[in-house]
Protein chains: 2
Amino acid sequence: MRIGGIETGGTKFICGLADETGNVLEQTTIPTEDPETTLGKVADFFRENPIDAIGIAAFGPVDVHPQSPDYGMIGKTPKFAWQYVNLITELQKNLPVPIRLDTDVNAAALAESAAYGTENLAYVTVGTGLGAGAIVEGKLVHGLLHPEMGHIAIRRHPGDPFPGCCPYHADCLEGMASGTAMRARTGKSGKDLPADDDAWIYEADYLGQLAVTLLLTLSSEKIIFGGGVLQNDWLLPMIVEKAETQLNDYLLLPKPVGEIISKPALGTQSGLQGAFLLGRSLIE
Amino acid sequence: MRIGGIETGGTKFICGLADETGNVLEQTTIPTEDPETTLGKVADFFRENPIDAIGIAAFGPVDVHPQSPDYGMIGKTPKFAWQYVNLITELQKNLPVPIRLDTDVNAAALAESAAYGTENLAYVTVGTGLGAGAIVEGKLVHGLLHPEMGHIAIRRHPGDPFPGCCPYHADCLEGMASGTAMRARTGKSGKDLPADDDAWIYEADYLGQLAVTLLLTLSSEKIIFGGGVLQNDWLLPMIVEKAETQLNDYLLLPKPVGEIISKPALGTQSGLQGAFLLGRSLIE
């Protein structure tokens with residue numbers, strides 16, 4: 001069984017070929033240009049590396065409902081050239097295999113849920129944007145559209161003067177805690193910001209609020225934080241501490257918050273591994 | 001097929017007998033006293049009205065995991081006499097039939113999801129307390145414990161001087177928007193408060209925030225608001241308006257917010273009808 005996986009992103013598409021256990025046999029990175037160019041190169045890769053099915057972990061908003069006539073279509077994204085491109089039908093013009101698509105964060109949640117062995121898990125990524133996917137009672141959450149948790153309202157930290165940078169909500173979670181917000185607040189990217197900068201206190205506060213909302217709303221067994229902003233040693237323990245303070249012992253949790261809030265088991269591979277799982281599900 | 005349903009509450013237990021379509025054949029109300037007295041009367045009712053299975057819609061916190069050794073056990077509730085009472089094992093001493101239990105709000109979500117014909121629905125009740133249950137992709141949400149959405153953080157309305165009344169979080173959603181909060185803020189219960197009182201503006205704002213969080217987190221197709229505080233004509237449309245303002249057209253929803261936020265299709269019967277559905281699932 002040969003499974004194709006694609007993780008689409010604003011700057012690159014990662015394409016891979018795996019066997020049924022997720023062992024990567026081939027992998028390539030294709031820059032995100034216009035849809036015709038990029039999807040042409042994706043098709044070339046899979047013609048050289050034939051596959052039985054493809055899974056796609058796609059940036060959103062995207063139609064994730066298999067019953068919908070627009071299944072696979074990208075919505076109103078700031079990547080304008082990609083608006084209203086249907087990833088599934090475009091790829092199937094050149095690759096006549098079954099394709100299953102979900103959001104990048106849902107795909108990552110699926111892979112992490114398999115890795116951690118739990119059916120209730122949320123996967124949060126904090127990079128240029130801020131998004132989350134979730135698996136609840138073994139099912140990927142779609143609903144009416146798909147979760148857009150980056151835009152929940154949070155309480156501002158009283159010391160934080162930053163007005164927020166979300167064009168829709170100014171100081172929603174993404175507007176205050178994405179990598180873009182961090183750079184706008186401090187003039188530096190997260191990787192250049194020392195551990196004792198106050199910006200990390202605000203960041204942990206806001207991400208702690210997200211973790212608490214996830215615990216109270218989905219009762220997730222695992223809440224995974226990944227993405228560029230989490231690539232240091234100090235932020236995750238700070239999030240745990242903030243979440244504990246905010247919960248104030250209200251929930252009688254069967255395990256400590258520090259075991260619920262976790263790093264990705266699959267490092268930076270969660271999205272691509274999730275794409276393989278989506279593809280594999282089509283030929284099982 | 002004869003199905004028993006029990007909705008447990010802080011002041012009363014509602015017990016009913018229904019056929020397989022949910023037609024209520026008998027119904028009674030038993031005051032909530034000590035567990036021995038109340039559960040004894042419940043058993044008496046079902047001995048007079050024999051049933052093949054029972055569904056329970058229980059106040060929380062309660063263990064809702066069928067695999068757990070404590071399935072059916074009430075947790076740390078302010079109704080002290082009921083702490084650590086296992087509703088399932090206590091009832092089965094006198095009623096040797098299969099019993100399925102979930103939270104009152106999950107049971108109501110189950111019944112409303114059947115009534116509205118959707119697999120993604122949240123049911124919010126605003127009464128003495130404030131709670132919500134949810135069904136996601138056809139599955140009742142349990143997770144690590146069960147949702148406790150009443151305790152999410154909300155943003156205070158700038159005009160609202162009330163400090164909040166949650167013993168754990170002061171001004172969380174329940175602390176600001178439950179019927180108890182409304183009475184503490186105004187000195188009146190919701191039913192005695194005129195439509196032009198500012199308290200309704202705050203109430204709609206906070207419940208609008210919950211609706212937005214549910215849309216962004218669960219992507220619910222229907223969000224049902226029930227409970228005592230909703231027993232008037234003006235609050236629900238105010239919640240819709242606040243939610244629309246807060247979302248600020250970010251989500252490209254396939255239907256207006258006013259069709260997502262809805263009254264219970266089953267009026268005040270959602271919990272008991274959900275209990276019947278839980279019971280019926282055991283003999284299908």
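A polar contact is a pair of N or O atoms within 3.5 Å; within protein, one atom must be able to donate a hydrogen and the other to accept it, and residues adjacent in sequence count only if both atoms are side-chain atoms. By this criterion, 28 residue pairs are in polar contact between chain B and chain A, both residues at pLDDT 80 or more.

The structure is a predicted model, in which local features need pLDDT of at least 70 and side-chain atom pairs count only at pLDDT 80 or more, while totals for chains, interfaces and linings use all residues. Residues are numbered from 1 along each chain as its sequence is written, chains are lettered from A and ligands numbered from 1 in the order in which they are written, and side-chain values use heavy atoms, with hydrogens and water left out.

**The two chains**

Contact here means heavy atoms within 4.5 Å. Buried area is the accessible area (1.4 Å probe) that two parts lose on being put together, summed over both. A salt bridge is a side-chain nitrogen of Lys or Arg within 4 Å of a carboxyl oxygen of Asp or Glu. Domain bounds come from an automatic or database domain assignment, which divides chain A into domain 1 (3-104 + 268-280) and domain 2 (107-265). The table sets out the values for the two interfaces.

| Interface | Residues in contact | Buried area | Share on carbon and sulfur atoms | Salt bridges |
|---|---|---|---|---|
| Chain B and chain A | 44 residues from chain B, 44 residues from chain A | about 3,900 Å² | 63% | two salt bridges |
| Domain 1 and domain 2 of chain A | 18 residues of domain 1, 16 residues of domain 2 | about 1,200 Å² | 61% | zero salt bridges |

Of the area that chain B buries against chain A, B:Leu144, B:Arg155 and B:Tyr250 supply 19%, more than any other three residues. A salt bridge joins the side chains of A:Arg155 and B:Asp171 (3.2 Å, N to O).

**The two domains of chain A**

The centres of domain 1 and domain 2 of chain A, taken over C-alpha atoms, are separated by 25 Å. A:His65, A:Ser270 and A:Leu277 supply 38% of the area that domain 1 of chain A buries against domain 2 of chain A, more than any other three residues. Seven residue pairs are in polar contact between these domains, both residues at pLDDT 80 or more.

**Backbone features**

Most residues other than glycine have a negative phi, and most peptide bonds are trans. The peptide bond between A:Gly60 and A:Pro61 is cis, with omega about -5°. In chain B, the bond from B:Gly60 to B:Pro61 is also cis, with omega near -5°. A:Glu137, a residue other than glycine, has a positive phi near 50°.
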